[in-house]
Amino acid sequence: MFERFRACWPKINHANYKPLDDTSMSHPMLQMLRSDVVPFLKSFLSSERSYIPREDYKEMIQPCLTVLGCPVNDHDQANSHYCFRVPGAYHMARWMAKVIYCLKIFLFRDEFKLTVSETKNLTEFCVFATHIYVSAWISCPMQSDAPINDLQLLARIDQYSEINKKIATAATKKLQNHLWYLGPELVWLALFSNKVANTEKKMLVEAMIAAGLDASVRGIKFPPANVEQLKRTQLHELISSTTTAALLSIGLIVALLNGIDPENWSDCPHFQQAANVVKCLKVVNDTAECSIALMTSFNKSITKSEAEMQKLIQVVKDNRERIPDSSKASLASAKMATK
């Protein structure tokens, strides 16, 4: 479908796009989510906020707002100044490229021929993506907000079952593979988040002090059976002795925060230093997207065919397995194997 749409793009009337008009949009929960999502996404496009790490983040936000029937710019109520970008390359591992394609295809569903099944599936996907997942994805680079964002995402997906139980179940099942992000080793990031209430931050500190310090205890990966329990869990309930050890690894002793109001933590030099370390942490999904984007750009100079690119990746993988390093022994071994 993506390749068909890319081939059809030059023939599409870019002024003839249509936002969401699904009957489910009248549901109170979707209206509530929309009222939260729209200003949140717009804040990323404001001139005061320069947090967007790459242009494809912006490219995903703009059609998302358009699908929601909201002008990209407040001064542009007719959305007439928004120019859709030419559909680019997509990769099997690049979620952003796929969602951008889906949003554009949905907007131009009157211009691009779709089957009944494709239209139905695309509508369901776009409703979920625009109201739940795009904002969650955009928030991922915010290191300190990761724990609270993950808990909120679980809760929102659970609420979404009122709209589409099948999609909510599938999304929850997929998220189960990544619950280790909510383990004790990373929950301390919430101490630096502006989204976490001060009362919760105090409980985080108290829980860490009570848990003690033991770096030998590994973080707990939540099994699928505990997902329902996790939806009702608060951040401080995820603390273990590993949390205290992880916080110490960036140079912050949790006892220094005990008895100090979280409002005044920023006055503590040790907290300031730790906060600077947190700001420099690389987020997995963004780093992965950057790597894939770099690889995709590089591969364009070799081949423009997606099938050929996949074969090329397999060749590179095979070569790395046969020649893991550039030592003489590895090269000699690979040479002998080819004889």
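**Figure 1. Asp 21 and Lys 18 form a salt bridge, with their closest N and O atoms 3.7 Å apart.** A salt bridge is a side-chain nitrogen of Lys or Arg within 4 Å of a carboxyl oxygen of Asp or Glu. This is a predicted model, in which local features need pLDDT of at least 70 and side-chain atom pairs count only at pLDDT 80 or more, while totals for chains, interfaces and linings use all residues. Residues are numbered from 1 along each chain as its sequence is written, and side-chain values use heavy atoms, with hydrogens and water left out. Asp 21 also pairs with Arg 109, and here the closest N and O atoms are 3.2 Å apart. Arg 109 belongs to the loop between α4 (95–107) and α5, whereas Asp 21 belongs to the loop between α1 and α2 (28–45), so this pair links parts of the chain 88 residues apart. Lys 18, Asp 21, Arg 109 and Asp 110 are linked in a network of salt bridges. Lys 18 is partly exposed at 29% relative accessible area, and Arg 109 is buried at 13%; buried means under 20%, exposed over 50%, and partly exposed in between (1.4 Å probe, protein chains only).

**Figure 2. Glu 118 forms a salt bridge with Arg 4.** The closest N and O atoms of the pair are 3.1 Å apart. Because Glu 118 lies in helix α5 and Arg 4 in helix α1 (residues 2–8), the pair ties together parts that are 114 residues apart in sequence. Arg 4 is partly exposed, at 37% relative accessibility. In the whole structure, a search finds 8 salt bridges.

**Figure 3. Helix α5 (residues 116–139) packs with helix α6 (residues 146–160).** Helices (H or I, at least four residues) are DSSP runs, numbered from the N terminus. The angle is about 170 degrees and the axes are 10 Å apart; axes are lines fitted to C-alpha atoms over the stretch in contact, and angles run from 0 to 180 degrees between N-to-C directions. The two helices are therefore roughly antiparallel, a term for angles over 145 degrees. Among the residues that meet are Val 127, Phe 128 and Ile 132 in α5, and Leu 153, Ile 157 and Tyr 160 in α6; contact means heavy atoms within 4.5 Å. By class, this contact has 8 nonpolar, 3 polar and 2 charged residues. Ala, Val, Leu, Ile, Met, Phe, Trp, Tyr, Cys and Pro count as nonpolar, Asp, Glu, Lys and Arg as charged, and the others, Gly among them, as polar.

Technical notes
Parallel < 35°, antiparallel > 145°, perpendicular 65-115°, else oblique.
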